[in-house]
Amino acid sequence: MKRAALALLIVAAGSATAAETVTLRIADQKGNMHAEMAAAQQLNNLNYKIQWAEFPAAAPLAEALNAGAVDAGIIGDAPLLFSLAAGSQVKAVAVSKSVPEGLAVLVSPDSPIKTVAELKGKNIATGRGSIGHFEALKALEQAGVSDKDVKWRFLTPADARIALANGSVDAWSTWDPYTALAEVTNTGRVLVNGVGLSSGNSFLAATDAALQDEAKRAALQDYVNRLAAADRWANSHVDEYSTTLAKIIGFPKEAAAKSFSRRKSHWQSIDDATIAQQQETADFYQKYGLIQKHLDVKPTFYHGLKVAQN
């Protein structure tokens with residue numbers, strides 16, 4: 001009798017363990033993934049839970065990844081490099097390819113500045129190590145202006161927007177949806193965008209701890225496939241998606257639609273071309289002393305997740 005009762009207890013305990021739901025802690029930037037997946041109904045019928053954490057920019061998101069406070073998050077190519085150079089235990093598991101038109105250096109609408117070369121001696125606001133920082137450096141280099149010939153103001157997007165509006169900075173290097181918001185509200189004019197300057201790559205990065213956890217790794221595989229499906233849906237339903245995105249990020253629908261439609265984004269598995277592009281970005285940052293030594297990016301990619309294309 002005692003043996004039968006013990007066996008029942010063991011079976012019950014095993015069933016309880018099997019029934020435990022995995023929770024993925026996902027870091028997002030301004031509703032990016034959350035909005036898309038919600039609009040595309042890709043958050044329905046999950047066999048795991050998602051705990052969302054929203055960040056205004058990549059730097060605090062990277063800190064959360066480094067601290068293990070989240071399992072995975074969306075991050076630009078430049079911020080990911082800074083995180084990895086600092087020794088963070090994260091890997092890029094999938095890449096979003098997009099047109100970087102919304103990555104831009106902005107000036108105020110009435111600014112006399114018409115060319116990047118005219119930024120010499122001026123104040124530029126951006127986030128240190130952000131994709132905006134990368135854009136500004138690339139634009140300056142192309143115009144023949146040294147990074148030491150401008151004054152950098154490293155600010156959050158919210159503070160940089162205010163600084164541009166009140167004239168305490170001459171330019172702001174930022175990304176969508178902030179660029180789109182400045183354009184539709186006539187609070188910023190694009191001086192130069194990222195087409196031809198940036199790879200347009202963003203990554204889903206996951207912590208080593210999450211990837212080493214079999215259940216979380218399986219959940220992440222399902223998540224990236226849903227994310228890719230949501231992107232395909234959003235690209236063919238821009239108006240409907242923009243309504244959801246606008247509500248989540250608190251921006252006008254016109255800004256949300258402008259931000260998304262010009263990206264023409266799609267998610268894919270990590271490939272050799274992406275790794276080569278990331279190495280070029282790493283070498284660029286080393287050239288400017290923002291990464292102190294050569295960084296071999298190959299070990300920072302994880303090839304175990306494959307993104308379904310249909």
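These notebook entries record what I looked up in a predicted model.

**Entry 1. The sheet**

I began with the strands. I found an open sheet of 6 strands in the order β2-β1-β3-β10-β4-β11, and the pairing is mixed. I noted β2 (49–55) and β11 (266–268) as the edge strands, since each pairs on one side only. On average, neighbouring strands of this sheet are turned by 30° against each other, direction ignored.

Strand β4 (residues 90–97) pairs with β11 in the antiparallel sense, over 3 bridges. As a landmark I noted V95, whose bridge partner in β11 is Q268.

**Entry 2. Strand β3**

Is β3 largely enclosed or open to the outside? I found that 5 of the 5 residues of β3 are buried, so the strand is largely enclosed by the rest of the structure. I also recorded which way its residues point: A72, I74 and G76 face one way from β3, G73 and I75 face the other way, and all are buried.

I next checked the partners of β3. With β1 it pairs in the parallel sense over 2 bridges, and A27 has G73 of β3 as its bridge partner. With β10 the pairing of β3 is antiparallel, over 5 bridges. Here I75 stands opposite F203 in β10.

Helix α12 (residues 272–287) lies across β4, β10 and β11, and it runs at about 95° to β10.

**Entry 3. Helices α2 and α9**

How do the axes of α2 and α9 cross? I recorded that helix α2 (residues 32–39) and helix α9 (residues 214–236) have axes that come within 8 Å and cross at roughly 75°. Angles of 65 to 115 degrees count as roughly perpendicular, and α2 and α9 are therefore roughly perpendicular to each other.

I listed the residues that meet. From α2 they are M33, E36, M37 and A39; from α9 they are Y223, R226, L227, A230, D231, W233 and A234. By class, this contact has 8 nonpolar and 3 charged residues, and no polar ones.

**Entry 4. Two asparagines**

I looked up N66 in helix α3 (residues 58–67). Leaving aside neighbours within four places in sequence, I found N66 in contact with S83 and S88. The C-alpha atoms of N66 and S83 are separated by 7.5 Å, although the two residues are 17 residues apart along the chain. The side chains of N66 and S88 are joined by a polar contact of 3.4 Å.

Is N166 buried or exposed? I located N166 in helix α6 (residues 157–166). N166 is exposed, because its relative accessible area is 53% and exposed means over 50%. Its side chain has a polar contact of 2.8 Å with the side chain of S168. I also checked N166 against T281, 115 residues apart from it along the chain: their C-alpha atoms are separated by 33 Å.

Note on methods. Residues numbered from 1 in each chain as written. Predicted model: local features only at pLDDT ≥ 70, side-chain atom pairs only at ≥ 80, totals over all residues. Heavy atoms only, no water. Axes fitted to C-alpha atoms, helices over the stretch in contact; angles between N-to-C directions. Helix = DSSP H or I, 4+ residues; strand = E, 2+ residues; numbered from the N terminus. Parallel < 35°, antiparallel > 145°, perpendicular 65-115°, else oblique. Contact = heavy atoms within 4.5 Å. Nonpolar A, V, L, I, M, F, W, Y, C, P; charged D, E, K, R; others polar. Pairing = 2+ DSSP bridges. Buried < 20%, exposed > 50% of the residue type's maximum accessible area, 1.4 Å probe, protein only. Polar contact = N/O pair within 3.5 Å; in protein donor to acceptor, adjacent residues only side chain to side chain.
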